[in-house]
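Please read the following briefing alongside the sequence and the coordinates. It moves from a helix pair to a surface patch and then to a loop residue.

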Amino acid sequence: MSLMTLTAVVLGKKIKAKEVTVVEATRAALDAIKEKEERIHSFVTVDEEKALARAAQVQKMLDEGKLTGPLAGVPVAIKDNMCTEGMLTTCSSKILYNFLPTYSSEAVKKLEEAGAVIIGKTNMDEFAMGSTTETSAFGETKNPWDDAHVPGGSSGGSCAAVAAEEVPYALGSDTGGSIRQPSSFCGVTGIKPTYGTVSRYGLIAYGSSLDQIGPIAKDVTDCATILEVISGYDEKDSTSVAREDYKFTEALVDDVKGMKIGIPRDYFGEGLDPEVKEAVLGVAKALEKKGAIVEEFDLGLVKYAIPAYYVIACAEASSNLARFDGVKYGYRTEEYTDLHNMYKKSRSEGFGPEVKRRIMLGSFVLSSGYYDAYYLKALRVKALIKKAFDDAFSKYDVILGPAAPTTAPKLGESLSNPIQMYLGDIYTISVNLAGLPGISVPCGVDSKGLPIGAQLLGDCFQEKTIIRAAYSYEQTRGYLHSPMSEAAGTVTQ
């Protein structure tokens with residue numbers, strides 16, 4: 001059986017116990033990618049030579065006692081919007097097709113310092129704009145559970161790579177649900193931490209006030225362990241927050257007795273698939289059996305979250321993406337008459353349709369005649385949403401709801417109806433607007449055999465609470481292996 005069926009923490013223990021070498025673990029990941037990649041297309045870049053050289057280097061440091069952490073020697077995949085020194089970082093866009101960063105993002109650097117072996121960069125929606133990983137300039141990623149369906153997005157490549165067991169874990173980024181929604185669609189676990197917990201230095205920005213890096217893995221233990229490694233204050237990131245406690249693994253306790261869990265009625269109304277509803281309410285029942293107190297409540301403002309999010313995110317995107325102009329790096333059109341013509345043609349040819357749509361929308365809401373009517377109003381709504389969550393967390397420790405209204409749609413369905421795709425983010429985006437932490441955990445499969453994810457939300461800096469609730473639930477269910485796994489059909493505790 002492939003080493004890639006193991007969780008990251010278990011594989012790390014085997015490497016430390018000298019049952020497996022780092023080179024063997026790295027080769028197992030590379031072999032799994034060769035076997036499955038043609039079907040799934042999780043990766044845009046795989047650097048075999050660099051990975052094997054790094055594996056040998058990490059093994060030497062382990063043998064010398066220089067590395068002692070739980071992830072030392074474990075292969076990892078990185079979403080292609082995080083700079084990695086000397087490795088292509090494209091944001092799955094033609095406009096950055098040849099960009100080789102001269103530095104690594106802080107989160108990647110922290111993983112490398114912990115002894116991680118980077119296998120490659122995963123596919124994503126172009127500049128993280130999309131919910132299906134179909135807007136990538138390098139082709140769509142497919143869902144390992146059923147390759148006629150999308151893996152979700154924008155971190156679909158990272159989630160598919162973990163679900164297909166090409167790597168034990170991956171990093172993703174979450175601007176409006178881009179870790180939690182694809183984790184739900186692919187049957188894996190993903191955490192979006194409190195805004196400012198993980199440095200955004202080296203993350204190519206989409207919406208600067210919303211973006212946050214987080215882990216994607218097989219289970220809650222892995223996610224807590226990875227989050228502990230990549231978190232920390234970084235003076236290079238002006239939005240980084242210095243926290244007193246980063247020991248997230250301390251929350252891996254099977255105990256929810258007395259924990260108050262709120263279920264928003266607004267999340268269980270029209271538009272929610274009945275099978276998803278049943279599975280998520282099953283999580284509530286399981287936690288209630290373990291001693292949690294579960295209550296329904298009205299969260300409010302849910303219907304305003306999507307318009308507020310898309311106004312703010314697109315406004316920030318139009319500003320952030322202005323730097324990609326064909327001058328300093330990336331794609332430049334071959335034929336042009338003057339500087340302005342070169343800008344226009346490079347951007348027209350380099351950006352895809354979804355990115356252009358969001359840049360135009362963002363430029364419109366920031367224009368002098370519409371700034372007050374749209375952008376400022378959206379910021380006020382954002383403040384009201386944060387207040388609604390503050391009120392909810394004065395009564396509840398955790399909020400439980402679905403990660404997405406349905407299971408993974410078929411390839412091609414969402415792109416033909418962008419509004420429907422945007423509405424699919426209804427349960428995730430308000431978390432980013434409020435800067436809160438959230439975790440998506442698998443809670444079953446529907447009648448089509450596709451995974452369903454439940455989302456547990458906490459107040460700011462309360463990752464430990466949601467990790468404890470998710471871990472406690474996980475003990476009742478175990479880990480579901482995708483059909484592409486050698487352990488398919490089994491549940492591992």
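**Helix packing, a surface patch and a buried serine**

The axes of helix α9 (residues 302–320) and helix α11 (residues 353–366) come within 7 Å and cross at roughly 100 degrees, where axes are lines fitted to C-alpha atoms, for helices over the stretch in contact, and angles run from 0 to 180 degrees between N-to-C directions. This is a predicted model, in which local features need pLDDT of at least 70 and side-chain atom pairs count only at pLDDT 80 or more, while totals for chains, interfaces and linings use all residues. Residues are numbered from 1 along each chain as its sequence is written, and side-chain values use heavy atoms, with hydrogens and water left out.

**Helix pair**
- α9 and α11 are therefore roughly perpendicular to each other, a class that covers angles of 65 to 115 degrees.
- Contacts (heavy atoms within 4.5 Å) join Tyr310, Val311, Cys314, Ala315 and Ser318 of α9 to a set in α11 that includes Arg358, Leu361 and Leu366.

**Surface patch**
- Leu361, Phe364, Tyr370 and Tyr374 make a nonpolar surface patch of about 350 Å².
- Tyr374 lies in helix α12 (residues 371–393), and counts as partly exposed because its relative accessibility is 37%, between the limits for buried (under 20%) and exposed (over 50%), with a 1.4 Å probe and protein chains only.

**Loop residue**
- Ser136, in the loop between β3 (117–122) and α5 (156–163), is buried, with a relative accessible area of 9%.
- Ser136 touches Ser92, Asn123, Met124, Asp125 and Glu126, not counting residues up to four places away in sequence.
- Ser136 and Ser154 are 18 residues apart in sequence and 9.3 Å apart in space, C-alpha to C-alpha.

Conventions: Patch = residues over 30% accessible without salt bridge, like charges linked within 9 Å, V, L, I, M, F, W, Y side chains within 5 Å. Areas by Shrake-Rupley, 256 points an atom, 1.4 Å probe, with all protein chains shown as cover. Salt bridge = Lys/Arg side-chain N within 4 Å of Asp/Glu carboxyl O. Helix = DSSP H or I, 4+ residues; strand = E, 2+ residues; numbered from the N terminus. Parallel < 35°, antiparallel > 145°, perpendicular 65-115°, else oblique.
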